[in-house]
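The following briefing is meant to be read beside the sequence and the structure.

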2 protein chains.
Amino acid sequence: MMNIKDIIKVNKLEKSVLEGTFGIEKEGIRVDDNQKLALTDHPELLGDRSYHPYIQTDFSEAQLELVTPPEHSLKETFKWLNALNDVMQRSVESDEYIWPFSMPACLPETEQIPIVRVRDQKEVAYREKLAEKYGKKKQLISGIHYNFSFSEQFVKKVFDHQTEYDSIKEVKNELHLKLARNFLRYQWILTYLYGAAPFAHHSFFEQDKEETPLTKPVRSVRNSSMGYHNSTDVIVRYDEVAHYVTDIEQLVAEGILSEEREFYGAARLRGNAKKIDQLNHTGIEYVEFRLFDLNPYSKLGITNEQARFIHLFSILMIWIEDSKAKEAIKEGTEKNEQTASEDPFAKSAYYQEGMELLQEMQAIASELKVESEYFEVIDQAIAALEDPSQTLAARLTQQIDSVDQYLKVGRKLGTQYKQEAKEKPYLLNGFEGMEMSSQLLLFDALQKGITVEVLDENDQFLKLQYKSHEEYVKNANMTAKDTYISHWIMENKTVTKKILKSKGFNVPDGEEFQSLEEATAAYYKFKNRSVVVKPKSTNYGLGISIFKNSPQEEDFKEALEIAFKEDTAILVEEFATGTEYRFFILDGKVKAVLHRVPANVKGDGRQTVRELIEQKNMDPLRGTNHRAPLEKIKFGNVEALTLKEQGYTFDSVPESGEIVYLRENSNISTGGDSIDYTDKMHSSYKELASRMAVPLGVKVTGIDLIIPDYTKPSTPEDPGYTVIEANFNPAMHMHAFVTEGKGRRLTRDILEMLFPELY
Amino acid sequence: MMNIKDIIKVNKLEKSVLEGTFGIEKEGIRVDDNQKLALTDHPELLGDRSYHPYIQTDFSEAQLELVTPPEHSLKETFKWLNALNDVMQRSVESDEYIWPFSMPACLPETEQIPIVRVRDQKEVAYREKLAEKYGKKKQLISGIHYNFSFSEQFVKKVFDHQTEYDSIKEVKNELHLKLARNFLRYQWILTYLYGAAPFAHHSFFEQDKEETPLTKPVRSVRNSSMGYHNSTDVIVRYDEVAHYVTDIEQLVAEGILSEEREFYGAARLRGNAKKIDQLNHTGIEYVEFRLFDLNPYSKLGITNEQARFIHLFSILMIWIEDSKAKEAIKEGTEKNEQTASEDPFAKSAYYQEGMELLQEMQAIASELKVESEYFEVIDQAIAALEDPSQTLAARLTQQIDSVDQYLKVGRKLGTQYKQEAKEKPYLLNGFEGMEMSSQLLLFDALQKGITVEVLDENDQFLKLQYKSHEEYVKNANMTAKDTYISHWIMENKTVTKKILKSKGFNVPDGEEFQSLEEATAAYYKFKNRSVVVKPKSTNYGLGISIFKNSPQEEDFKEALEIAFKEDTAILVEEFATGTEYRFFILDGKVKAVLHRVPANVKGDGRQTVRELIEQKNMDPLRGTNHRAPLEKIKFGNVEALTLKEQGYTFDSVPESGEIVYLRENSNISTGGDSIDYTDKMHSSYKELASRMAVPLGVKVTGIDLIIPDYTKPSTPEDPGYTVIEANFNPAMHMHAFVTEGKGRRLTRDILEMLFPELY
């Protein structure tokens, strides 16, 4: 084997060796309110497991598995894991939660444990065979799989700088075989540090109940002989890919394994295809490390720090010498089992070897000039090697001293993680930097099992895929279902009005002006009317003046000047009086109607305005800077002034039931309320709004109508509405979470429009 | 009749009365190189007369008629008239032109004069009847029809302030009846001022040749008894709409008129429908004034000044008293015929009446505070009334003193107008403020006979319609045929690249960075390569740095800083070497391939660089500030420096055949040349480019490929190209007018895509 260490040093590949592809799989069982294995079906909200790329079940119907897509940094991998955890937590039934430990909670009698209920009968049969062979209960042990490969660029550079191998594929195989071999040799240190299954509930054991490990905690029941492993006659070589393949195929042929995937090595070689012999052709794509217990102190089952350590550990594994001998691997496996069975507070039997490895790791970290976070995790590992009480297993053992306590801690952590995920249902952890509507759409897509690629997070750009059907979405509402020109029509208020007017809809009478002179000269047309003067392109409401009664010429001219400061063209329009409603149209149907009310509080005859605001602001739906569907009401000058006009201060105590306004404008962004009118709005206006989308040629739009009385039908003689705007990028989150009425999950409607075959 | 003058004054309707709807129809006959009536077919380029809304034929196949759509200002009407004139002039055969006089050029024997050749046999039969009744030659007299109505707003305001009439329709009828009545009474003054047919060619007269008016010029042969009129027993009342309708229907019933449209009153009342009895129901929509001779001194047959005068004259006609008596109209008609037959240099027989009217007109102009241009035309009219030699007829009589001269002047003016229209074929007069591609599309649509509405001129927004089929177009290339998301895909370079790469196309390797730190840290990835550093969003090429060889770390960092000044995200990409070609794709096909060459001149061994540039800049395709398809080469610092680097100054004399560059960059905007490669480009690249549009989901795009050798086929092993950009708003004018090779009229392809039923 080539000397990787020297190749890296001589050719300055220090940055390159750190690159790689990462993936995490996380299992966890659903339990009920009494910490018993849930016997219910897989949550229907989580789509169809026959294709779901992210959320699957493993052995049992209750054993959820999160699978992150391959990503090029741990940061990205954790974003996905966070997001998938949110999706999972918010999809389980209200009386269930995810058990945070690797070892199961209370298990029922074996025959009651449900195997996956999927349509594919081969999958069920395979699991039935496993149940028979290993026992159903062992199958319920959950853990973390960590997938890794070095980057193509790094492999290529290594290939360029060596002479032993003829192809990039060979180099890639060699690198990853070495990684797997050394990983198997030294895996014990990971179990020492991160083993987190010191005991199992007595219901886990089929017969011999006095063996319940609670009486004698270990580092990892799961990694010990009591865990879920192949029988000892399952021995596979890692010296060459061909041997690895042959050995597994042989085991299957001999019936020792029922299928290739029954091979449970702590490091599995993975190719592109399911059949293992493809490894001979395509080479190793990545290595799957399977020994990690769930870290119950993390909602994700694994922390960022652990992942960083494993990453550096993987580099260490190719950096140091190795052995191709079978015995080395066998020895490593035994050391791991030995470590797993140690008392959590005992010093490691392999302390010396561990310390040497960790010191070498430190040297590598310096060599590679890694970020300081990497040094920290090595320091922590060294400290834990010195002091076993700092290991996860020891911490758990300290906290838990009884069966009751085991279930209590499990419940506390499990329900806490669920609660955290549900507290801000509009946020998708990992992608919380995206716009809210995009987060909701992403959530819905992940929940449904649509394959998602975040093409550009800052640009809210997603690729969605189901089988060969691909769709692109920007801002959660811009899709291939809409035409290019419809965007430009709506972007131009004059054009929108002309088109709607030509089709007989009631638009405000008005005119566009390109110059102040022209607009000033047109005063005679507007002097006896209610008018609004505004820049042609909206810019957060800047430059708008409203004259509810006939404007004076001076004032009119001033309004024109203000509007012209914002744009090179302005509009002077009839001002329509009434209440403004946003109609969200999708594919010819009104899916939501919303009315926005200025920031306000309702008195209770007891609390001051200040207290009422503070109380209202406690709502987790209220946030700041557009990071929540509603904004907190501010204690600013405008609010004080608005109060003053009503004869109040922040310290006044309004009467019970009295509504006190803090703002005149109804924007959500200044603390306004949102009220759903979808069902209340008279159907004639919904009919009209949906028809307006036709000449605009648009599938997804938000149309703003002014309606004086939403209960009175629109008639040809008395239309009862004025249409003032059609929006090409209508927000959806504000319909999803409303102050009053029913929320409308429009992002799901978008997905249904894009993928009708899934709904 | 209500007192309009007082209603206007008391209610301050001075601005409102000036508002109206305007339209102009302009006839003109095609003649051949020898000033003989063209016997050829209507130009095929001008589409199909069965639906053409703008360019029709009247009596004869050779008699073209331009029809402007109704517009709300004379300015708009003249824009259309200018544009339609351009379309017509550029569509006639190279050996024909449009005769500028009302009276025809050399006419053949009567039987040879072609009646319109249209499919509708009723139309042909109607004209045959007219030919029999009036003689074919009279039918070839051409003129201007001026259509006008007061604005709805004005009519409504008048209605609001009177008590005589019960409906807006009645008021509208009354206003326009009065307009028509007084117009007929005082029309003579328009003939006096604008009569422009002092004589006719002798071939116009069937038998009695000594009556050729050349020997005795008049003001207007056309308006005289020798013109084309109904017989004297055609008398129609204008006191009420019902009478007007009854009288015409009666004339048809009696066989005096063959159809209602054969009524040739100098002021016709027009409704919405073709059948005249609809006037009783819908009321008068507008009045059509038909007495105007072609003004041969204007390429449009009528000047702006004339139109302004007629506008003010129309207001005068409702301002002053009137009479409903039949006799008043009869008298007016006789005065007009009398005026038409006067010697052009004679004082008007009705001088006194004329002067009173013009003075009243001045008073009205002051009352209405009209723009100064209006006062000027009144002053001119007064001067011409005082001095007959200032009338059009007198000016023509002065210029033309023989048959030969008549034909010569007609030829000179007619060919000059054609030449003017053809000189800058990329410009559409009237709409020359629009982007060039939009002007070309507008031209093509008008030529084809597609109904066009300019929804927003500044925003390049058009509505196109054929029958009930409506399409909207912005920037000549943004349509409903493209999807909304395709725009956003192309707008985002990273997303475009990801998608193209995922489909196997050869994109430059590279990475996007959001921060300087991140980008600086990635230096190791690019240090041994040719790279380009650029802002994520292009902004006229700002912030781009190219390193053709491995960049130094310092320089790389500086390039990053420069790029980050332009955008919050930057791209570092492999720099592809080769020649850049723009592939214009439409609906899956490559329609044009263009290569741009830096500004250059080719030596002739004689002229200096300066002279060569001046010569090259003479090309009418070269302009300034993007108002022409190519830009003039400048004599700036960059050009001087570029010359210096080649060892030249502006005063050097390059050898014959030597190419001297004035610029390093190939932009058209800095004087670059454009070379069409559509037919030369190897088909494999065209195939590739058209396939790239598929995953982008786009119908119309401009894809930029770097190709080192365009003659060598692309193969899977050696693709031979790199795709660097897909443009969502690809220019089309640069393909239409090229420095070298064949121009490609892509705007016609756009129309064909939108309206396949027309092609």
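In this predicted model, the cover over the buried residues of H14(A) includes helix H7 (188-194) and helix H10 (304-319) of chain A, where contact means heavy atoms within 4.5 Å and buried means under 20% relative accessible area, with exposed over 50% and partly exposed in between (1.4 Å probe, protein chains only). Helix H14 spans residues 392-399 of chain A, and its buried residues are Leu392(A), Ala393(A), Ala394(A), Leu396(A) and Thr397(A).

**Conventions**
- Residues are numbered from 1 along each chain as its sequence is written, chains are lettered from A and ligands numbered from 1 in the order in which they are written, and side-chain values use heavy atoms, with hydrogens and water left out.
- Because the model is predicted, local features need pLDDT of at least 70 and side-chain atom pairs count only at pLDDT 80 or more, while totals for chains, interfaces and linings use all residues.

**Chain A as a whole**
- Chain A holds 26 helices and 23 strands, these being DSSP runs numbered from the N terminus (helices H or I, at least four residues; strands E, at least two).
- Of its 759 residues, 58% count as buried, and the C-alpha atoms of chain A fill a box of roughly 100 × 65 × 50 Å along the principal axes.
- Among contacts in chain A between residues at least 6 apart in sequence, 72% join residues at least 24 apart.

**A loop residue, Gly265(A)**
- Gly265(A) lies in the loop between helix H8 (241-253) and strand E6 (267-270) of chain A, and it counts as buried because its relative accessibility is 12%.
- Leaving aside residues up to four places away in sequence, Gly265(A) touches Asn230(A), Tyr238(A) and Arg290(A).
- The C-alpha atoms of Gly265(A) and Thr333(A) are separated by 9.3 Å, although these residues are 68 apart along the chain.

- Glu725(B), found in strand E23 (residues 722-727) of chain B, is buried yet has no salt bridge, and the nearest side chain of opposite charge, Lys493(B), is 4.2 Å away; a salt bridge is a side-chain nitrogen of Lys or Arg within 4 Å of a carboxyl oxygen of Asp or Glu, and Lys and Arg count as positive and Asp and Glu as negative, with His and the chain ends not counted.
- Not counting residues up to four places away in sequence, Glu725(B) touches Lys493(B), Thr538(B), Gly702(B), Ile703(B) and Asp704(B).
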